[in-house]
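Please open the structure in your viewer and keep a selection tool at hand. The tour below moves from one selection to the next and says what is there.

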Amino acid sequence: TWGHPLVAHLPFDGTRRGLQTVLRAAFRRDEDGTGPELSAETFLEFGDGVLVAGRFLGGPVEEAFLHECFVRSGKVVLIREYPA
């Protein structure tokens, strides 16, 4: 699952579920895998998760991102994105 960064300001829950939907939403990837490159620059582990700060590359403007990822049984099960 992936939580939309503006969920508190939207009239819906902002949650996306399923691998393809999460790839499109959190990582801006098409079904064929194309999309901007990511530069993950900082990792901060906490409990069952990790904060990942970085940038989307290759667009007209390099856009920063902050993802909060939760891991269960070695797999990422939830990603929350925060406006950077």
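Helices (H or I, at least four residues) and strands (E, at least two) are taken here as DSSP runs, numbered from the N terminus. The model is predicted, with local features needing pLDDT of at least 70, side-chain atom pairs counting only at pLDDT 80 or more, and totals for chains, interfaces and linings using all residues. Residues are numbered from 1 along each chain as its sequence is written, and side-chain values use heavy atoms, with hydrogens and water left out.

Begin by selecting residues 37-46, which are strand 3, together with residues 49-57, which are strand 4: the two pair in the antiparallel sense over nine bridges, where pairing requires that DSSP finds at least two bridges between two strands. Within this pair, highlight Ser39, whose bridge partner in strand 4 is Arg55.

Next, select Gly47, which lies in the loop between strand 3 and strand 4. The hairpin that these strands form has two residues between them, and Gly47 takes a positive phi near 50 degrees there. Is Gly47 buried or exposed? Gly47 has a relative accessible area of 82% and is therefore exposed, given that buried means under 20%, exposed over 50% and partly exposed in between (1.4 Å probe, protein chains only).

In the five-residue turn between strand 4 and strand 5, Gly58 has a positive phi of about 95 degrees.
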